[in-house]
Amino acid sequence: ENRAGADPEVEGSNPGGVAALRILGDATVCALARLVGGDAAVAFRRRSGAARAATLRAALRVVEHASAAAVRIRTFGGTDASELDDWSASVVGAVTTSAVTVLAVLGQEFCLLREHARWRASGAGGDVLHDDDDAPPPPPPLTTELEAALARAAANASTTGGVAEDRAGPSTADSDFLLERMEECHVLLLHALNALRRHVSSASGGGGGGGGDRSESRDPVEEAATNGGVTRGALPFAVAPGVAALISPTTAAFLHPRFPFRTKLRRRALRLVAAAATVARRAAGCAEGARGGAEARAVAEALRDHAWPALRFLLEADHPAPPPPPAGGAPGG
């Protein structure tokens with residue numbers, strides 16, 4: 001997919017090059033969808049360990065390359081620039097959706113596994129007896145894929161010298177699986193959110209690595225000179241394609257206090273949201289053309305609809321408002 005946009009300044013005026021570009025782009029979308037397993041991420045759910053990490057890395061790289069190719073097309077498009085620009089935006093949107101689907105699966109599994117680990121640690125359903133009123137409620141059921149993986153872990157433990165345990169109680173194999181899989185989800189989410197934050201900052205002209213910390217007094221044309229390693233020349237600061245799709249209900253869930261994510265993960269999600277807000281604000285001041293302004297508005301609307309409400313609930317949970325004063329004074333006061 002990175003070769004698909006390698007030379008759009010040439011391909012833009014070459015019908016054969018445009019056709020090849022479309023074929024490669026559409027094939028990339030289909031290949032990533034198959035790798036992830038469609039909207040429900042069935043294939044990804046069935047993987048574990050290194051296979052999951054490889055899938056996640058592939059999804060993130062496809063997003064980066066598709067975004068860079070879309071910027072090249074926008075910059076050097078030929079006679080069919082408008083149509084090609086719309087097509088490239090749809091490609092970026094499709095691959096970004098696949099990547100966000102992977103994040104959603106990891107987030108869902110982390111929450112389920114953490115709730116089950118806590119429930120088992122409390123002794124519920126096991127050897128520790130609770131009064132009916134004191135017994136913690138059972139967590140939501142694990143997904144079919146997690147149940148199957150849990151059964152495999154228990155079977156492996158029993159066939160490798162482990163002592164068979166009463167399946168009615170929390171076994172050591174079960175607990176180890178829950179904790180290991182939970183940590184796996186946590187580490188992959190940390191990596192993904194950090195990579196996406198760097199992508200949003202660098203691909204939008206904010207610079208990679210420490211680019212988000214640069215002084216805003218710098219010339220936005222200079223800031224936008226490099227886009228994901230692609231020379232853009234004297235272009236205004238622009239929002240990278242696909243940023244609005246990243247600020248989704250999935251991203252907002254990482255901030256919402258109702259979900260048991262760890263503080264470090266919430267910070268990574270907040271940095272991604274902050275990077276998107278920064279590039280949208282800066283792009284709104286110098287966006288040229290309908291596409292640039294529309295992308296900045298799309299990011300702002302995604303922040304308004306998803307990120308800010310979740311952040312408000314998080315702040316209210318961490319810093320609850322003082323109780324309102326009683327209505328009216330004391331009798332006779």
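This is a predicted model: local features need pLDDT of at least 70, side-chain atom pairs count only at pLDDT 80 or more; totals for chains, interfaces and linings use all residues.

Student: Let's zoom in. What is helix H6 like?

Tutor: H6 covers residues 144-159, which is 16 residues. From first C-alpha to last, H6 reaches 23 Å, close to the 22 Å expected.

Student: Which residues of H6 are buried?

Tutor: Leu146, Ala149, Leu150 and Ala154. They sit on the same side of H6, because they cover an arc of only 140° around the axis.

Student: Why would residues a few places apart end up pointing the same way?

Tutor: An α-helix has 3.6 residues a turn, so residues three or four places apart point the same way.

Student: And what is on the other side of H6?

Tutor: Thr144 and Thr159 are there, and they are exposed.

Student: New topic. Which residues touch the most other members in the largest nonpolar core?

Tutor: That core has 70 residues, and the ones touching the most other members are Leu56, Leu103, Leu106, Val200 and Phe254. Helix H5, residues 81-121, gives the most to this core, with 15 residues.

Student: What is Phe254 in contact with, leaving aside its neighbours within four places?

Tutor: Its partners include Leu103, Leu189, Leu193, Phe261 and Leu265. Gly107, Arg266 and Ala269 are in contact with Phe254 too.

Student: On to charges. How many salt bridges are there in the whole structure?

Tutor: A search finds ten. One of them joins Glu109 and Arg52, with the closest N and O atoms 2.8 Å apart. That pair links distant parts of the chain: Glu109 is in H5, Arg52 is in helix H4, and they are 57 residues apart.

Student: Are those two buried or exposed?

Tutor: Glu109 is buried, at 0% relative accessible area. Arg52 is buried as well, at 0%.

Student: Which residues are linked with them in a network of salt bridges?

Tutor: Arg181 and Glu184 are linked with Arg52 and Glu109 in a network.

Student: What does Arg61 form a salt bridge with?

Tutor: Glu64, and the closest N and O atoms are 2.7 Å apart. Arg61 and Glu64 are separated by about one helical turn, because they are three residues apart in helix H4.

Student: How exposed are Arg61 and Glu64?

Tutor: Both are partly exposed. Arg61 has a relative accessible area of 44%, and Glu64 has 25%.

Student: One last pair. What does Arg304 form a salt bridge with?

Tutor: Asp305, with the closest N and O atoms 2.9 Å apart. Asp305 is partly exposed, with a relative accessible area of 43%.

Methods. Residues are numbered from 1 along each chain as its sequence is written. Side-chain values use heavy atoms; hydrogens and water are left out. Helices (H or I, at least four residues) and strands (E, at least two) are DSSP runs, numbered from the N terminus. The expected span of a helix is 1.5 Å times one less than its number of residues. Buried means under 20% relative accessible area, exposed over 50%, partly exposed in between (1.4 Å probe, protein chains only). The arc is that of the directions from the helix axis to the C-beta atoms. A nonpolar core is a set of buried Ala, Val, Leu, Ile, Met, Phe, Trp, Tyr and Cys residues joined through side-chain atoms within 4.5 Å. Contact means heavy atoms within 4.5 Å. A salt bridge is a side-chain nitrogen of Lys or Arg within 4 Å of a carboxyl oxygen of Asp or Glu.
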